[in-house]
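User: Hey, I'm new to this one. Can you walk me through it, starting with the aromatic rings?
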Amino acid sequence: LVKTFGPKVAVNRISFEGGGPVAIVWIADTHLGNKGTDVARAFREIKVVRDTPGMFPFFVGDLYDNFVIGFLKSVNLGQRATIEDQYALGQHYLNQCPDKWLGYVSGNHEQWTLRVAGYDSNREIVPKHILYDTDEIGFTLAVGDNEWKCIARHKWPGSSMYNPLHPQTRGSKF
């Protein structure tokens, strides 16, 4: 595994030079700390990724609930974990396979702290050696001689309840 990251999206590259098999596990919306989240299952599944050769995780948003805005602040009082505990639980989750993570894109729940306080809470817990952005990551994924252009983000602008895949369909055409 070779990772080459730069200041511009076009130079981000993740290469598996020995070929495959390679499995990229796209993980999103774990919402650790929420009453309805099966935390034990989330940890069992990330350990499967950790223990499986050739399997690598890429996180695309909403690691924890982070109810810090508007009426959601009062909702957080009934949650399983405080905001601080949610951050700690998220960090513990990411630490289950620190050398295998390929990237992390924040979700809307993580971005609330950034909007409200101007503070990116993920900077503290996301492994420093991986691709990271609060909105979107573009990169080239190369396995042996094969390459794919990839874009990872949590929410795509232009989606609606009538057509949630509209932005992805439109983006793939351009």
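User: How many aromatic pairs does the structure hold?

Analyst: It holds nine aromatic pairs. Keep in mind that this is a predicted model.

User: Let's take one. Why does the pair of Trp26 and Phe58 count as tilted?

Analyst: The ring planes of Trp26 and Phe58 are at 40° and the centres are 4.8 Å apart. Stacked would need planes under 30 degrees apart and edge-to-face over 60, so this pair ends up as tilted.

User: And where do those two sit along the chain?

Analyst: Trp26 is in strand E3 (residues 23-27) and Phe58 is in strand E4 (residues 55-60).

User: Is Trp26 buried, exposed or partly exposed?

Analyst: Trp26 counts as partly exposed, with 44% relative accessibility. Phe58, on the other hand, is at 0% and counts as buried.

User: What about Phe59, which ring does that pair with?

Analyst: Phe59 forms an aromatic pair with Tyr104, and that one is stacked. The centres are 5.0 Å apart, with 20° between the planes.

User: What does that pair tie together?

Analyst: Phe59 lies in strand E4 and Tyr104 in strand E5 (residues 103-105), so the pair ties together parts that are 45 residues apart in sequence. Both Phe59 and Tyr104 are buried.

User: Which residues do ring pairs link into a cluster?

Analyst: Phe59 and Tyr104 again, along with Phe43, Tyr93, Trp101 and Tyr132.

User: Okay, what sits over the ring of Phe56?

Analyst: That would be the charged end of Lys100, 5.4 Å from the centre of the Phe56 ring.

User: Switching topic: what is the order of the strands in the sheet?

Analyst: It's an open sheet of four strands, in the order E3-E4-E5-E6, and the pairing is parallel.

User: Which ones are the edge strands?

Analyst: E3 and strand E6 (131-133), each of which pairs on one side only. On average, neighbouring strands in this sheet are turned by 15° against each other, ignoring direction.

User: How many bridges join E4 to E5?

Analyst: Three, and E4 and E5 run parallel.

User: Last one: which strands does helix H1 touch?

Analyst: Helix H1 (residues 39-51) packs on the sheet and touches E3 and E4. The direction of H1 makes about 135° with that of E4.

Terms used. Residues numbered from 1 in each chain as written. Predicted model: local features only at pLDDT ≥ 70, side-chain atom pairs only at ≥ 80, totals over all residues. Heavy atoms only, no water. Phe/Tyr/Trp six-rings, centres within 6.5 Å; stacked < 30°, edge-to-face > 60°. Helix = DSSP H or I, 4+ residues; strand = E, 2+ residues; numbered from the N terminus. Buried < 20%, exposed > 50% of the residue type's maximum accessible area, 1.4 Å probe, protein only. Lys NZ or Arg CZ within 6 Å of the ring centre and 35° of its normal. Pairing = 2+ DSSP bridges. Axes fitted to C-alpha atoms, helices over the stretch in contact; angles between N-to-C directions. Contact = heavy atoms within 4.5 Å.
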